[in-house]
Amino acid sequence: MLSIELGHFALVLAFALAIVQVGVAIYAWQRPNEGGYSFVQQASGLQFLLVLLSFAALVVAFVTSDFSLKLAYEHSHSLQPTLYKFTSVWGNHEGSMLLWVLILTLFGAAVAVGGSNLPKATLNLVLGSQGFLVFAFIGFTIFTSNPFERLPEMPLEGRDLNPILQDIGLAIHPPLLYLGYVGFSVCFSFAIAALISGKIDAAWARWVRPWTMLSWIFLTLGIAMGSYWAYYELGWGGWWFWDPVENASFMPWLTGTALLHSALVMEKRGALKIWTVLLAIITFSLSLLGTFLVRSGILTSVHSFATDPSRGLVILGMLTFFICGAFILFAWRAPALKAGGLFAPISREAALVFNNLFLATATIAVLVGTLYPLALDAFTGIKISVGAPFFDLTFGALMVPLLLVLPFGPFLPWKRASIAQASKRLFGAIVLSFVLTIILVAYLWDGFSLTPLGMLLGFWVIIGSLADLAERAKLFKVAPSVSLRRLAGLPKNAWSTSFAHIGMGLTVLGVVLVSAYETETITTMQPGEQIETYGYSVRFVEEVDLAGPNFTSETVTFAVAPLGKREDMVSSEKRTYPARQMPTTEAGIKTFGLSQVYISIGDRVGENGRVVRIWTKPWILLIWLGCLVMAAAGTYSLTDRKYRIAAPNLVQKQSVGAAK
Amino acid sequence: MNRFLMILILIVSFVPQGFAVQPDEVLDDPVLEERARDISEGLRCLVCQNQSIDDSDADLARDLRIVVRERLVAGDSNDEVVDYVVARYGEFVLLKPTFSGHNLVLWIAAPLIFVIGLVILFVVSMRQRKVSNAAAMTPEEEQVLAELTESETDSANKDQTSRQSAD
């Protein structure tokens, strides 16, 4: 079909347009003119449409199983369900690059459309920087990873998508993660614009914060999704492995979280300007690192997407250019930015600085743990491994003080505060957290460990954050109806802060409980056999062979129940995908409240028996529930009208202030 | 997309699909088995990417798990077992690098950054204090400032007001 060439052409056109856009943006920066500004703005929208057209062409080729397209032949199969034909588009390096670029232009267009209340000169610089990114990454796609390559002869059948990717979780995971990663490009471009123009103020923070929040929400969901996918698909019951690729997505999340908090200080108090700009640059740099280091071939020499070494070099070159370029610009221009508001060592600002210090240090710990083995190998040839035990220790140690201080933050007034006063108001929360921890520990006691500390932190963060709401509503101090009315009248920010922190607490609690109290049973079972394990009964009902659209499956059905309760059926599978001769496991997971029983089957034993591995995972759903609560809280804060209305007012005030 | 890497790793390491620890490996003595699991979690499967031998299905991981259990049954302490494995397979096998020599950078980097951060904060706050002392205000001025800032959310204006009142 011709649409493939059309898509290719649209992509090249978008590339050319990006070059012109950058040129015009530079010209308009030097000689401000209305025509230049509006061209730059419209170019962003047009780029998005062109890349969308190009992406649509790829989608059509995949969905109609057009195997004359090399990419579709290599990563798709005519028998795949349509959903997976669609998701195959980004289940490979070239297609995922196009998705990445599509999202990049989407954000560019969104800024162009939503940024009409920004000063024209600022918008021009932001879109110019965004256009430069588009230029670089479309260029990379066209010249080193062209998704539109044709095969001279059209094969009859494709080679199928990697079976482990044929899963709804993985279908949504990459786009979510990319929306997060790429969203930070907007913050990056705002930072570049601020550095070039030398103008930065509280209004800047107000523009950047919604973009940061949006990206952060997507990244939170993307990471949570990936973690849950790994949990149910990989079949050994883990949900976080401190794998280099996981760390790569976690680092921008950590600095993005820091950025949200520092931009808050900047917006409200005009302080931390330079640091916030730096964080915006670092966060996007880490996002780039997350997307591309994995593919450059240096992070994992054998296993990554891009096995082509020249492509790896190009990626490294681009990473170096953008990251070093931004840092040089920062070093050169940051001193020109004026420092802002003052605050005492004990104040809300100081608490947020504390938050940033710990999040930044935690990022360094993860970064060093991920990259140090590579550096050591490259320079000395010594090979070491850095795995979960290292990260648990270093990262965990840094989280303890952060979580301890967290609930104090919202209780401290801006500028100057007193710890004694905040503690007094948090006294009830402190007592309640201790009581809950003591009860739970006494009930579950199995010897000395760090578990009680973890539980205490989880409860403390949750209760402390609820206490903030209670305090604002004057709960128990005034009539309940008045409290309710006060609660309803609270600003959206108060709710979203509180619930984002509660989400954090829930995740912490889930991690602590499941790490401490999960159990594992490895055994062999025959059909009809029933075993009791840690409060649950599990019965091997039957094994059948099933056929899926493009796979065959050995399915074992189990009946699972908490002891003495009614049984529920759950099946655990081993699948084989003939196109690639590859097996996958589908774990059988049964949910009871927030806890789960996780069953995975192994090799056959004897005539009808199976090796069976059964985990009980108490409260494990809290981990992902917490992430959802965090994302929901963030989304709620985005609905705040002030982001849409107050910005232009501020701009006017600003210019009046400057004119004085 | 980051999962793809892990997946490809899995393809390499998981070809004989099944589990990590097999029922026939498990020791009869639960205390020894518990110790074996603890040790296994800290040892890397050498042919896998960032997986412990406890999680891995590779044959080599199974061999190592059996070695660990044999040493434990022979009466070794946990450290002795680990030393035994490290002596044969090198430091690469440890998922938690030793706190020594060429690994110092790894362990010290984050704490060092933390301390540097603290020092920078201290210096900045000292400088701020100097600034704010130089611009010390009388209680009346502070009162006026508080009223002014109350009505304005814009901090740039605030800076200007404070400078004006300091003059």
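Two strands count as paired when DSSP finds at least two bridges between them. Keep that in mind for this predicted model, where A:Glu520 sits opposite A:Trp615 of strand S9(A). Chain A brings both helices and strands, 19 of the former and nine of the latter, while chain B has seven helices and zero strands. Here's the rundown, chain by chain and then sheet and cores.

**Chain A overall**
- With 19 helices and nine strands to its name, chain A has a radius of gyration of 27 Å, close to the 26 Å the globule rule gives for 660 residues, so it is as compact as a globular protein of that length.
- Buried residues come to 54% of the 660 in chain A.
- Take the contacts in chain A with a separation of 6 or more, and 74% of them link residues 24 or more positions apart.

**The four-stranded sheet in chain A**
- An open, antiparallel sheet is built from four strands of chain A, running S1-S9-S8-S7.
- Strands S1 (519-525) and S7 (588-592) of chain A sit at the edges with a single partner strand each, so one side of each has no neighbour in the sheet.
- From one strand to the next, the twist averages 20°.

**S9(A) and its two partners**
- On one side, strand S9 (residues 609-617) of chain A pairs with S1(A) in the antiparallel sense, over seven bridges.
- Along that pairing, A:Thr524 faces A:Val611 in S9(A), and A:Glu520 faces A:Trp615 in S9(A).
- Strand S8 (residues 595-605) of chain A also runs antiparallel to S9(A), joined to it by eight bridges.
- One of the pairs here puts A:Ile599 together with its bridge partner in S9(A), A:Ile614.
- S8(A) and S9(A) make a hairpin with three residues between them, and A:Gly606 in the turn has a positive phi of about 65°.
- Eight of the nine residues of S9(A) are buried, so the strand is largely enclosed by the rest of the structure.

**Nonpolar cores**
- The largest nonpolar core holds 214 residues, and the members touching the most others are A:Cys187, A:Phe190, A:Ala191, A:Val277, A:Ala280 and A:Ile281.
- Helix H8 (residues 202-233) of chain A supplies the largest share of this core, 20 residues.
- Setting aside neighbours within four places in sequence, A:Ala191 is in contact with A:Val277, A:Ala280 and A:Ile281.
- Another core lies apart from that one; it has 17 residues, including A:Val556, A:Val560, A:Ile601 and A:Val612.
- For background, nonpolar side chains tend to be buried together in soluble globular proteins.

**Chain B**
- Reading along its sequence, chain B goes α-α-α-α-α-α-α, with seven helices and zero strands.
- Of the 167 residues in chain B, 33% are buried.
- Among the chain B contacts with a separation of 6 or more, 52% are between residues 24 or more positions apart.

Methods:
Residues numbered from 1 in each chain as written. Chains lettered and ligands numbered in written order. Predicted model: local features only at pLDDT ≥ 70, side-chain atom pairs only at ≥ 80, totals over all residues. Helix = DSSP H or I, 4+ residues; strand = E, 2+ residues; numbered from the N terminus. Rg over C-alpha atoms; globule rule 2.2 N^0.38 Å. Buried ≥ 20, exposed ≤ 12 C-beta atoms within 10 Å, placed from the backbone. Contact = placed C-beta atoms within 7 Å. Axes fitted to C-alpha atoms, helices over the stretch in contact; angles between N-to-C directions. Core = buried A, V, L, I, M, F, W, Y, C linked by C-beta atoms within 7 Å.
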